[in-house]
Amino acid sequence: MPLVGHPVRRPGRPGLLQRTYLPSILKGMWITLRHMFRPKVTMRYPEETWRVPENYRGLPALVRDDGGRVKCVACFLCEYVCPPKAIHIEAQEIDTGVEKGPRVFDINMLRCIMCGYCEEVCPEQAIFLTREYSTVGVSRKEMIYDKEKLLSMGGIRPDPIKKWSRLTGAGASASGTRGAERDASR
């Protein structure tokens, strides 16, 4: 059977100059000298900070609704979907008697990879990724953000779901008029 293909050309033995690595050393020194005389791009952090893009995913934070209530209902979806298992939640019954809420909501920022899965899976829009990118702590314990710290980072966001309207009576009049209109159209 005849051979198919072409023979591979192997490089010859390196010469004396190549064996001393002198050309590689000179090339590296030339690149270094070229960069020494270029303008510097160093930023004076923290006096100067980066301008982050609009779609930047930073640290996660919990938010409150317009009434100051925690929007999280402790459904455990964010804890379940978190790839590095950085979220820990313990639930409790809240004062409405209808839903539950988080008694403990901790995020280990040393583990968090800011992937955004928790934000995507949240049915109540209670957790958001902020534009904050610097985390500082002198111990591991300081890098575990508790519920109060997460709520202070998140602030208040308007609630498009309005899940509390039927309990507070704000949505009762609106739903009553809609029902009356529906009955009148029949």
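Leaving aside neighbours within four places in sequence, Leu150 is in contact (heavy atoms within 4.5 Å) with Pro60, Ala61, Leu62, Phe105, Ile107, Met109 and Tyr145. This is a predicted model, in which local features need pLDDT of at least 70, side-chain atom pairs count only at pLDDT 80 or more, and totals for chains, interfaces and linings use all residues. Residues are numbered from 1 along each chain as its sequence is written, and side-chain values use heavy atoms, with hydrogens and water left out.

Leu150 also belongs to the largest nonpolar core, which has 22 residues, and it is one of those that touch the most other members, along with Leu62, Ile87, Phe105, Ile107, Met109 and Ile127. The elements that give two or more residues to this core are β2 (87–93), β3 (100–108) and α5 (147–154). A nonpolar core is a set of buried Ala, Val, Leu, Ile, Met, Phe, Trp, Tyr and Cys residues joined through side-chain atoms within 4.5 Å, and buried means under 20% relative accessible area, with a 1.4 Å probe and protein chains only.

Thr130 sits in the loop between β4 (127–129) and β5 (144–145), and it counts as buried because its relative accessibility is 16%. Not counting residues up to four places away in sequence, Thr130 touches Tyr56, Arg57, Gly58, Leu59, Ala61 and Met153.

For the protein chain as a whole, the secondary structure comes to seven helices and five strands, which are DSSP runs of H or I with at least four residues for helices, and of E with at least two for strands, numbered from the N terminus. Buried residues make up 25% of its 186 residues.

How values were computed: Buried < 20%, exposed > 50% of the residue type's maximum accessible area, 1.4 Å probe, protein only.
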